[in-house]
Amino acid sequence: MKSYNPNTLKKSALIFVISMLAAVVLITGCNNTDQKVEEAQSTVVEANRELQEANREYQAAIDLYRKETSERIAANDSTIAAFKARIANETADVKADYEKQLATLEQKNSDMKKKLAAYKAEGKEQWETFKTDFNREMNTLVEALDKLKDKIS
């Protein structure tokens with residue numbers, strides 16, 4: 001019968017235990033890595049969803065603004081047409097002066113319509129700047145139409 005050396009058994013048992021601990025550490029480490037990867041993927045998916053939602057809201061805001069502003073531009077066109085009808089019976093000099101003013105305002109209204117149609121979504125900050133500038137221009141145009149209305153009436 002073979003005799004076993006107690007020191008050899010202890011060494012073998014120690015090597016076995018160390019090997020098992022190393023295996024456990026490796027497996028646990030892989031599980032943590034897998035879990036971290038899954039969490040990161042989940043975070044990316046959620047961030048993409050939120051970005052898509054924000055982009056939809058941004059585009060909806062632009063579309064709504066375009067609709068409302070197009071209505072204002074159409075109202076300006078109607079106002080200009082009404083002014084043209086009112087000045088038809090004016091004297092030639094007065095009529096020429098009003099027609100010149102109306103032509104300028106009509107061109108400005110047309111330019112604003114083109115500017116609105118040409119706007120491309122370039123980011124929220126640019127959108128806010130565009131909207132602020134456009135509103136200021138629109139208000140200036142409406143004020144000029146109101147002043148002309150006071151003269152013609």
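1. A quick definition before we start: a residue is called buried when its relative accessible area is under 20%, exposed when over 50%, and partly exposed in between (1.4 Å probe, protein chains only). By that rule, both Tyr-65 and Trp-127 are buried, and we'll come back to them. Bear in mind that this is a predicted model, with local features needing pLDDT of at least 70 and side-chain atom pairs counted only at pLDDT 80 or more, while totals for chains, interfaces and linings use all residues. Numbering runs from 1 along each chain as its sequence is written, and side-chain values use heavy atoms, leaving out hydrogens and water.

2. Buried residues account for 16% of the chain's 153 residues.

3. Have a look at H3, which covers residues 124-152. Its 29 residues reach 41 Å from first C-alpha to last, close to the 42 Å expected at 1.5 Å a residue (that is, 1.5 Å times one less than the number of residues). Among its buried residues are Trp-127, Phe-130, Phe-134, Leu-141 and Leu-148.

4. Next, the largest nonpolar core, which has 21 residues, with Trp-127, Phe-134 and Leu-148 touching the most other members. A core here is a set of buried Ala, Val, Leu, Ile, Met, Phe, Trp, Tyr and Cys residues joined through side-chain atoms within 4.5 Å. H1 (6-86), H2 (92-118) and H3 each supply at least two of the core's residues, and H3 gives the most, with eight.

5. Back to the aromatics. Rings of Phe, Tyr and Trp (its six-membered ring) pair if their centres lie within 6.5 Å; planes under 30 degrees apart are stacked, over 60 edge-to-face and the rest tilted. That rule gives six aromatic pairs. For Tyr-65 and Trp-127, the ring centres are 5.3 Å apart and the planes sit at 90°, so this pair is edge-to-face. Tyr-65 belongs to H1 and Trp-127 to H3, so the pair ties together parts 62 residues apart in sequence. Ring pairs also link Tyr-65, Tyr-119, Trp-127, Phe-130 and Phe-134 into a cluster.

6. Counting contacts as heavy atoms within 4.5 Å, Asn-109 touches Ile-73, Asn-76, Asp-77 and Leu-141, leaving aside residues up to four places away in sequence.

Key: Helix = DSSP H or I, 4+ residues; strand = E, 2+ residues; numbered from the N terminus.
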